[in-house]
Amino acid sequence: MGVKIGGGIERVNGKELRYEEFVERYLSKNQPVVLAGLMGDWRACSDWVSPDGRPNLPFFSTHFGLSKVQVADCNTREFTDQKRVEMSVKEFIDHWLLLGADKDPDDGSRQDSICSQNSQLYLKDWHFVKEYSEYVAYRTPIFFRDDWLNLYLDHYPMHENPTSDQDRSDLCCSDYRFVYMGAKGTWTPLHADVFRSYSWSANVCGQKQWLFLSPNQSHLIYDRNMKYSVYSIFEEVSESKFHGFNKAIWLECIQEANEIIFVPSGWYHQVHNMEDTVSINHNWFNAYNLCWVWDLLSKDYDEAKGYIEDIRDICDDFESLCQRNLAANTGMNFHDFFNFLARFSFATLVCLSHLFDNENTSCKSFNQSLTLNLVSIREMAKKMKSVECLAHNQNVIFDFRENFTTPKFIQLCDSLSRTYGMIHKQQRTNISLKNIWWDTVGKLGSCDCSYMVCTPEDLIRIIDHAVSKLGINSYEMNGMSDNGST
Ligand SMILES: O=C(O)CCC(=O)C(=O)O
């Protein structure tokens, strides 16, 4: 039986959409949408596209040819994804041009050792912005700017692993801003995004077919044990293994050049390039989908633990092994996520305390956004209180007094203030880099936990203390109305 399509995805002119409307209709409701009209002034849309509307492949070879990139062979499955190989952009483009010209790759060339003639190569996850920060290919549309993930990763790694090859992990986890390039027929198997983040994907040229499944149906693409999911919805799907699959109702969208698609959290999707296509794609999370990240981490933790349960008794430190495996499989572990939340909430407190004296009412939406961030982090910390390894943690995860002297932390505060200033269209407050500690603590007053965080409980106490000092009212902190019940 074929795939059942139940509808399409709403299309909106992005120029006529206000930020607040986007949040209200799509972000907070976790609904997909296609936005048009937002890419008109992107350099990528001129430099990367030939006059006939197809990818300007020689431009990539000439200007970015030496970059090393991940290339998926769409014809070869490896576990739950496509097989990947590393090659230079030039090698990738040469392969593409040769196939397009219907010629065999030269015998004995490096290309032959990388991929066979039957390979259908798709360049994915190219960290283009990180690699070419001077070349401004595009500007992230305002709707996708409230991006805690990339903002944080611009200053800190998500997971510091002293035993891994740091150079390699530095690049592969350095950010979640990517370029994708593939000839007609290349595709991406069914998946939900990393960390269950949001993503947006902009077609610089070409056309993509997207098939979406809403999260309330995602159980239908899993086997009975909820362990394996369907790889491709267009291949033969075993009814005995995936017994719910035929009940799934999909949404289909054909995305044209210069359109951006917003992919909400937890929506499974499969994507096919219907033409030669170049796209730009970010993953991100913020206050609205933070709970998705935690739910995934908790689920993956249980799974990681389950796999090694039988060696628990012979392990010196079973919990550390679980956390190590969680970071290796999911990209971060409980400590990384908590560390991230602690740093991010302190950066938020710095920004809020700088707004404290500002009577300007145009600061209100800015202020509310930051407050909402604290609310969602506090909610998260409440959930994390029941996690043993965090609740009993005795190491200092974050010491504000120590961090305020580090340029990285000050830059994080500055980026945060700049980002929300941009979103809420106002002059950002200048953060005084020299006196950040005294300014902030001067406004927040001393705290009995001395601004040191070891456990989720500490973080909650500090947030509550800061909120009461800053006089944030209960309307703004509606999510914190159960103060004291933690
Ligand atoms: O464009 C593609 O092939 C895949 C993109 C994707 O899956 C995503 O943006 O989440």
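Predicted model: local features only at pLDDT ≥ 70, side-chain atom pairs only at ≥ 80, totals over all residues.
Colleague: How many helices and strands does the protein chain have?
Modeller: Helices (H or I, at least four residues) and strands (E, at least two) are DSSP runs, numbered from the N terminus. Counted in this way, the secondary structure of the protein chain comes to 17 helices and 16 strands.

Colleague: What percentage of the residues of the protein chain count as buried?
Modeller: A residue is buried if 20 or more other C-beta atoms, placed from the backbone, lie within 10 Å of its own, exposed if 12 or fewer do, and partly exposed in between. For the 486 residues of the protein chain, the share that counts as buried is 40%.

Colleague: What percentage of the contacts between residues at least 6 apart in sequence join residues at least 24 apart?
Modeller: Two residues are in contact if their C-beta atoms, placed from the backbone, lie within 7 Å. Among contacts in the protein chain between residues at least 6 apart in sequence, the share that joins residues at least 24 apart is 78%.

Colleague: Which elements give two or more residues to the shell around the ligand?
Modeller: A residue is near a molecule if its C-beta atom, placed from the backbone, lies within 6 Å of it. The residues around the ligand are Tyr180, Thr188, Asp193, Ser199, Ser201, Lys208, Val263, His269, Val271, Ser279 and Asn281. The elements that give two or more residues to this shell are strand E9 (198–205), strand E13 (268–273) and strand E14 (277–284).

Colleague: How many residues of the shell around the ligand are nonpolar, polar and charged?
Modeller: Ala, Val, Leu, Ile, Met, Phe, Trp, Tyr, Cys and Pro count as nonpolar, Asp, Glu, Lys and Arg as charged, and the others, Gly among them, as polar. With these classes, the shell divides into 3 nonpolar, 6 polar and 2 charged.

Colleague: Is strand E13 largely enclosed or largely open, and which residue stands opposite histidine 191 in E13?
Modeller: Because 6 of the 6 residues of E13 are buried, the strand is largely enclosed by the rest of the structure. Tyr268, Gln270 and His272 point one way, while His269, Val271 and Asn273 point the other way, and all are buried. Two strands pair if DSSP finds at least two bridges between them, and 3 bridges join strand E8 (residues 187–191) to E13 in an antiparallel run. In this pairing, the residue of E13 opposite histidine 191 is histidine 269.

Colleague: In E12, what is the bridge partner of serine 201?
Modeller: Both faces of E12 are covered, with Glu259, Ile261 and Val263 buried on one side and Ile260 and Phe262 on the other. E9 is joined to E12 by 4 bridges, and the two run antiparallel. The partner of serine 201 in E12 is isoleucine 261.

Colleague: Why do the buried residues of helix H1 line one face, and which strands do they pack against?
Modeller: In helix H1 (residues 19–27), the buried residues are Phe22, Tyr26 and Leu27. They line one face because, seen down the axis, they fall within an arc of 70 degrees, taken from the directions from the helix axis to the C-beta atoms. On the other side of H1, Glu20 and Glu24 are exposed. The buried residues pack against strand E3 (33–36) and strand E12 (259–263).

Colleague: Is serine 61 buried or partly exposed, and with which residues is serine 61 in contact?
Modeller: Serine 61 is found in helix H3 (residues 57–64). With 19 C-beta neighbours inside 10 Å, serine 61 counts as partly exposed. Leaving aside neighbours within four places in sequence, serine 61 is in contact with Val89, Lys90 and Ile93.

Key. Residues numbered from 1 in each chain as written.
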